[in-house]
Amino acid sequence: MSEELIIKEIDDNKEEYIEFLRGLIKAKSYNPPGDEKNVALKIKDYLNGERIKCEILPFGDNRANLLAFLNDNFNYKNLLYNGHMDVVPPGNEEEWKNPPLSATIKRNKLIFGRGTTDMKGPLAAMIIALKILKKLDLNLSGNLILNAVADEETGGKFGTKWSLDNKLNEIKCNFSVIGEPSGLNPLPKAIILGEKGHLQIRIITNGISCHSSTPFIGENAIYMMSNIIQNLDNLEKYIPKVKPPLSLEELKKLISESFPSEEIFERIYSEQPLLQNVVKSLTQFTKSLNMINGGIKENVVPDRCEAIIDFRLLPDQTTEDVIDALKKVIKDLGYQIRDEPLGKPEDVFVYLDIFNQNEASYWKDWESSADLKMFHNIVEKIYKKKPFNFLFPACADAHYLRNKGYCPATILFGPGSAATAHAINEYIEIQDFINAIKVYTLFAYNFLKESND
Ligand SMILES: [Zn+2]
């Protein structure tokens with residue numbers, strides 16, 4: 001009976017939910033600089049209307065994290081819903097058909113704006129789920145904890161990690177959902193059980209400048225860099241060998257489970273080079289040299305060259321492993337590595353600027369989880385399509401929750417499509433948003449009610 005009550009409540013109040021989401025989109029929170037407090041205040045306002053306990057945890061300049069709780073009881077089961085309030089900047093606003101903060105509705109079907117998909121749509125759906133459970137007063141023994149966070153788009157140190165360090169650690173959570181958009185068109189919805197790690201390093205070679213008519217007087221920083229780049233494959237020698245969490249065949253099998261038959265899946269898979277490459281990337285460590293800059297004049301031997309390399313790691317590979325391996329490769333070439341970027345004009349050395357690092361993570365025990373099965377069934381019932389379990393090539397905040405044992409049972413699931421995230425004219429389908437409200441509310445209800453123990 002209660003499930004029907006929940007569905008009816010959601011169907012009766014769609015307009016209110018859409019307006020709430022539009023309000024979140026209009027609250028500017030481009031990161032950098034962040035300004036997530038603008039969003040946190042809107043959430044608090046909305047939840048206060050239902051007398052839900054809600055704490056804004058401010059930090060920095062107009063930044064904040066937020067925690068809200070269904071009730072005061074933390075002694076039974078605790079379910080965590082986590083979503084980030086920051087969005088990536090809009091890029092060139094002239095390229096947007098509608099201003100990125102306008103939250104324009106088109107054809108009664110789509111909402112356009114920065115953050116609609118990634119991830120104010122999913123976040124709004126989580127907040128609304130909390131509100132519905134409180135409003136309907138369904139006599140739940142467990143607790144739903146909402147953690148709306150800052151800083152996800154720039155690494156999460158001041159968001160999910162900060163929330164854990166400052167408050168969340170005191171509450172033991174049994175299951176967590178992060179609302180990242182998990183649509184991978186043209187496939188059905190995915191439920192994400194692990195993500196790759198991410199490491200970006202700026203390598204700076206420092207040589208000695210001189211006139212290029214006598215190049216042997218100097219030390220050419222571009223040649224130094226070229227030497228390092230040509231030997232990058234030696235990294236494999238030093239990085240510990242790890243098995244990917246799931247093999248190529250296992251990943252394909254997971255996707256195929258949402259198709260009516262293996263044959264149909266194989267046919268579609270063979271026509272999707274993008275999907276094939278995503279699957280491939282999930283089974284291996286990758287590196288990509290993405291930027292290079294050096295030299296100041298056509299007749300001067302350069303004393304400085306910079307290159308940025310982007311590494312993607314498998315679970316069980318740490319960023320430390322890769323940094324140590326890179327140092328060994330550079331030392332093997334006879335170059336000195338220094339801890340300081342600046343030196344005297346006659347110094348020849350390499351400096352490594354590590355400016356972005358996020359560990360990979362993976363929920364190892366997902367196959368035996370009855371809770372995951374229940375989540376799966378609810379998604380299938382609401383979306384009328386079988387979802388599939390999968391991994392993500394990009395990174396998210398999940399590693400903060402999964403690694404170090406806080407809550408290994410963490411999944412990513414949300415409305416919206418990963419392809420429109422960060423893009424110009426980002427949008428979300430209203431039906432997808434409403435469906436997600438139903439999934440989040442029904443799952444929380446079933447997870448937290450006593451009889452489910
Ligand atoms: Zn996101």
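**Strands, domains and a helix in a predicted model**

Q: What does Lys53 stand opposite in strand 2?
A: Lys53 stands opposite Phe69. The model is a predicted one.

Q: How do strand 1 and strand 2 pair, and over how many bridges?
A: Strand 1 (residues 53–59) and strand 2 (residues 63–69) are antiparallel and pair over 7 bridges. The hairpin they form has 3 residues between the strands, and Gly60 there has a positive phi near 55°.

Q: What about Asn62, where is that?
A: Asn62 sits in the loop between strand 1 and strand 2. Its phi is also positive, near 60°, and Asn62 is not a glycine. Most residues other than glycine have a negative phi. Asn62 is partly exposed, with 14 other C-beta atoms within 10 Å.

Q: Strand 14 and strand 15, parallel or antiparallel?
A: Parallel, over 2 bridges, with strand 15 covering residues 349–358. Arg338 has Tyr351 of strand 15 as its bridge partner.

Q: And strand 9, which strands does it pair with?
A: Strand 9 pairs with strand 13 (residues 304–313) in the antiparallel sense over 10 bridges, and Gly197 stands opposite Leu313 there. With strand 15, strand 9 is also antiparallel, and 9 bridges join the two. Ile203 has Leu352 of strand 15 as its bridge partner.

Q: How many residues of strand 9 are buried?
A: In strand 9 (residues 197–206), 8 of the 10 residues are buried, so the strand is largely enclosed by the rest of the structure.

Q: Changing topic: what are the domains?
A: The domain assignment gives domain 1 as 2–195 + 361–452 and domain 2 as 197–244 + 284–358. Their C-alpha centres lie 39 Å apart.

Q: How many residues are in contact between domain 1 and domain 2?
A: 7 residues of domain 1 contact 6 residues of domain 2. The side of domain 1 that touches domain 2 has 3 nonpolar, 4 polar and no charged residues.

Q: Helix 12 next. What span should it have?
A: Helix 12 (residues 370–383) has 14 residues and should span 20 Å at 1.5 Å a residue; its end C-alpha atoms are 20 Å apart, which agrees.

Q: Which residues of helix 12 are buried?
A: Phe375, Ile378 and Val379 are buried in helix 12. These residues cover an arc of only 100° around the axis, so they lie on the same side of helix 12. Ala370, Lys373 and Lys381 are exposed on the other side.

Q: What do the buried ones pack against?
A: The buried residues of helix 12 pack against strand 8 (190–195), strand 18 (410–412) and helix 14 (430–448). After helix 12 comes Lys384, with a positive phi near 55°.

Q: Last one: which peptide bond at Asn31 is cis?
A: The bond from Asn31 to Pro32 is cis, with omega near 0°. The bond joining Pro32 and Pro33 is cis as well, with omega about 5°. Pro32 is in the loop between helix 2 (14–26) and helix 3 (37–48), and Pro33 lies in the loop between helix 2 and helix 3.

Terms used: Residues numbered from 1 in each chain as written. Predicted model: local features only at pLDDT ≥ 70, side-chain atom pairs only at ≥ 80, totals over all residues. Pairing = 2+ DSSP bridges. Helix = DSSP H or I, 4+ residues; strand = E, 2+ residues; numbered from the N terminus. Buried ≥ 20, exposed ≤ 12 C-beta atoms within 10 Å, placed from the backbone. Domains from an automatic or database assignment. Contact = placed C-beta atoms within 7 Å. Nonpolar A, V, L, I, M, F, W, Y, C, P; charged D, E, K, R; others polar. Expected span 1.5 Å × (residues − 1). Arc of directions from axis to C-beta.
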